Amino acid sequence: MLDIERIALAAIDRWGIEHQKKKAVEEIGELLTEMSREQDSRTTKWLIAGEIADVMILMEQLRIIYGKSRIDSMLEIKANRLAERLGLTEEKELTEEVES
């Protein structure tokens, strides 16, 4: 398994923070383009998967640049908010598991 964090740190070290931030914007744009093309059947799931992978690699770099603990905390807040909206509270999940 690849150590994405180690690779992300090496990329930041080699090309610099500002370059990698610009690269993230570029890769997000490419993903948006492919997803738009999907609506007209002008792309493939394979191409979209490649763009998603590029964005995920850059997201790890941004996580490092902007602070892993800050991003992880915000991710938890956002995920919990979504779980609540979906009715996926821990209590409900435990009840469903016991009933199964």
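Modeller: Lys23 is partly exposed, with 27% relative accessible area. Here buried means under 20% relative accessible area, exposed means over 50%, and partly exposed is in between, using a 1.4 Å probe and protein chains only. Before we go on, please keep in mind that this is a predicted model, in which local features need pLDDT of at least 70, side-chain atom pairs count only at pLDDT 80 or more, and totals for chains, interfaces and linings use all residues. Residues are numbered from 1 along each chain as its sequence is written, and side-chain values use heavy atoms, leaving out hydrogens and water.

Now to the partner of Lys23. Its side chain meets that of Glu27 in a salt bridge, at 3.6 Å from N to O. The term salt bridge is used for a side-chain nitrogen of Lys or Arg within 4 Å of a carboxyl oxygen of Asp or Glu. Side chains of opposite charge can pair when their charged atoms come close. Glu27 and Lys23 are four residues apart in helix 2, so about one helical turn separates them. (Helices are DSSP runs of H or I with at least four residues, strands are runs of E with at least two, and both are numbered from the N terminus.) Glu27 is buried, at 7% relative accessible area, while Lys23 is partly exposed.

Glu18 and Lys21 join their side chains in a salt bridge of 3.2 Å, N to O. These two are three residues apart in helix 2, which means that about one helical turn lies between them. Both Glu18, at 49% relative accessibility, and Lys21, at 24%, count as partly exposed.

Asp40 and Arg42 give one more salt bridge, their closest N and O atoms being 3.5 Å apart. Arg42 is exposed, at 54% relative accessible area. By the rule given above, the count comes to eight salt bridges.

What does helix 2 pack against? Helix 2 (residues 17–39) packs with helix 3 (residues 45–66) at an angle of about 150 degrees, and their axes are 9 Å apart. That angle makes helix 2 roughly antiparallel to helix 3. For such words, angles under 35 degrees count as roughly parallel, over 145 as roughly antiparallel, 65 to 115 as roughly perpendicular, and the rest as oblique. The axes are lines fitted to C-alpha atoms, over the stretch in contact for helices, and angles run from 0 to 180 degrees between N-to-C directions. Ile52 and Leu32 are 20 residues apart in sequence and 9.7 Å apart in space, C-alpha to C-alpha.

Finally, here is the setting for all of this. The protein chain has five helices and zero strands, and from the N terminus its elements run α-α-α-α-α. Of its 100 residues, 16% count as buried.
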